[in-house]
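Hi everyone, thanks for coming. Please have a look at what I'm putting on the screen, and then I'll talk you through it piece by piece.

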Amino acid sequence: MDEADQYNVDLVRRIAQGDQSAFALFYSRLSPILYGVAFRMMNDHGDAEDVLQEGMAYIWRKANSFDASRSSAFAWAAMIVRNKAIDKLRARRRGERLRERVKGSSDLSSDQDDTSALEPLFREQRNQVRSVLSQISPDQREALELSYFSGLTHEEIAAHLGAPLGTVKARIRRGVLQLRKLFQREV
Amino acid sequence: MIDETKQQAAIDYILGELSPADAAAFEKALGQDEELRQFTKELTDGVASIALAAPSIRPRPELLSRIQKKIGLSNRSKIVTLSFLPWALAACLAIACLILALNTLRTKSLIAELRERDLLVHLQIAALQAQSDSYARTSAVVVWDPQKQEGLLRLSSVSAPEAGHDYQLWIIDPAQKTPVSAGVVTVGKAGVANVEFRPVRQVSAAAGFAVSIEKAGGSTVPQGQIVLAGR
């Protein structure tokens, strides 16, 4: 565990004890990333704010359930926000065309990218992650990013890509395994 | 060795593809299988890192207050954001800047007097000294609140760094191998910077502060020239 994540873990433990300053600090450190994920998934600032609010409220209430043996504190928070966004996406899915929902979903660049909002360490890690993603084959990366950001189930991703479910699952599995391998090596 | 079935289950679990019953069964397996738990942790950290690839966006400043209100936290001074630092810190910075304009001897006695009156009891004040002639006219003051792990930096009579570079504030903590970053410092056109900062890691004791010139965006450890330092 690196020092930055150790600090995140310490903050989560303090949050579990009801430390409001730790909560504000944790928010201050991670909100640009978490809000970026929420906006990437919702494509709407109002919904992204709702998602971040629900995610942070969950973190406040459930900080004592964080288990450092299961994930880093950053991963825990990121997955909470992603799950909140998925809940919201799936709740509003009726009447919405699939094609519109996944429009541009493989594009991780944006003119809204506020790199200055990130601490230097996160900026460095981001470069490493983007480097890692660039080493994954395009079809695996597309399946992975759809799986992470779109809120679509694997079956829906298969329908969207016009590929068999087994193929999509295999791409995602290979992508995740390669991400783990490359991430361990580079990050 | 984690077989392919377990690998797939771990991935489906992380990505939320399992039914509630299957997810519960997988969690039970995690509790009993150390190798599977470690494998799943590595996958989780890898998958979550994709979040870093998304464009980062700073939320509106008022969102934190909205969240705090929703979860029943008050907006007392204990809950501070970078935009709403406690008035005491700001007031102490003003006092510090004022007294630093006076002579050093008087400064020390005034700080001592304020401490005796408990006005600065929890706060650390440091006047940073120039480390090169180019900064001889620069005034630099740090007020640090170790309890809240936040502080203020005021720089005046300082020129903007060369293109492609930023000033960065560091806190020297003897308990840590490397100085702790307290963020990038942006200097305004008038040669003044007022920065509210929080370090990237917990600081157990601030033995000193320093400002260095780093590549644009800052560094994780100081690599450039230290231009101001003090304790």
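Let's begin in chain B, with strand 3 and strand 6: these two run antiparallel and are joined by five bridges. If you want one pair to look for, find G151(B), whose bridge partner in strand 6 of chain B is F197(B). Before we go on, please keep in mind that this is a predicted model.

Now stay with strand 3 of chain B, which covers residues 150–156.

Chain B has eight strands in an open sheet, with antiparallel pairing, and their order is 5-4-7-8-1-2-3-6. Which strands stand at the edges? They are strand 5 (180–185) and strand 6 (193–197) of chain B. Each has a single partner strand, so one side of each is left without a neighbour in the sheet. On average, and ignoring direction, neighbouring strands of this sheet are turned by 20° against each other.

One more pairing in this sheet: strand 1 (residues 124–130) and strand 8 (residues 226–230) of chain B pair in the antiparallel sense, over two bridges. There, A130(B) has L228(B) of strand 8 of chain B as its bridge partner.

Now for chain A. What does its secondary structure come to? Chain A has 187 residues, and 49% of them count as buried. Take the contacts in chain A between residues at least 6 apart in sequence: 69% of those join residues at least 24 apart.

Let's pick two of these helices. Two packed helices are described by the angle between their axes and the distance between the axes. For helix 2 (residues 20–42) and helix 4 (residues 73–91) of chain A, the angle is about 25° and the axes are 10 Å apart. That angle makes helix 2 of chain A roughly parallel to helix 4 of chain A. Their crossing is right-handed. Residues making this contact include L30(A), L34(A) and V37(A) from helix 2 of chain A, and F74(A), A77(A) and R82(A) from helix 4 of chain A. By type, the contact residues divide into 12 nonpolar, no polar and two charged.

Finally, how do the two chains meet? The contact takes 66 residues from chain A and 49 residues from chain B. On the chain B side, the elements giving two or more residues are helix 1 (4–14), helix 3 (34–48), helix 4 (50–53) and helix 5 (62–70) of chain B. Which element gives the largest share of that side? Helix 3 of chain B does, with nine residues. The residues on the side of chain B that touches chain A divide into 22 nonpolar, 15 polar and 12 charged.

Terms used
Residues numbered from 1 in each chain as written. Chains lettered and ligands numbered in written order. Predicted model: local features only at pLDDT ≥ 70, side-chain atom pairs only at ≥ 80, totals over all residues. Pairing = 2+ DSSP bridges. Helix = DSSP H or I, 4+ residues; strand = E, 2+ residues; numbered from the N terminus. Axes fitted to C-alpha atoms, helices over the stretch in contact; angles between N-to-C directions. Contact = placed C-beta atoms within 7 Å. Nonpolar A, V, L, I, M, F, W, Y, C, P; charged D, E, K, R; others polar. Parallel < 35°, antiparallel > 145°, perpendicular 65-115°, else oblique. Left-handed = near helix turned anticlockwise from the far one by under 90°. Buried ≥ 20, exposed ≤ 12 C-beta atoms within 10 Å, placed from the backbone.
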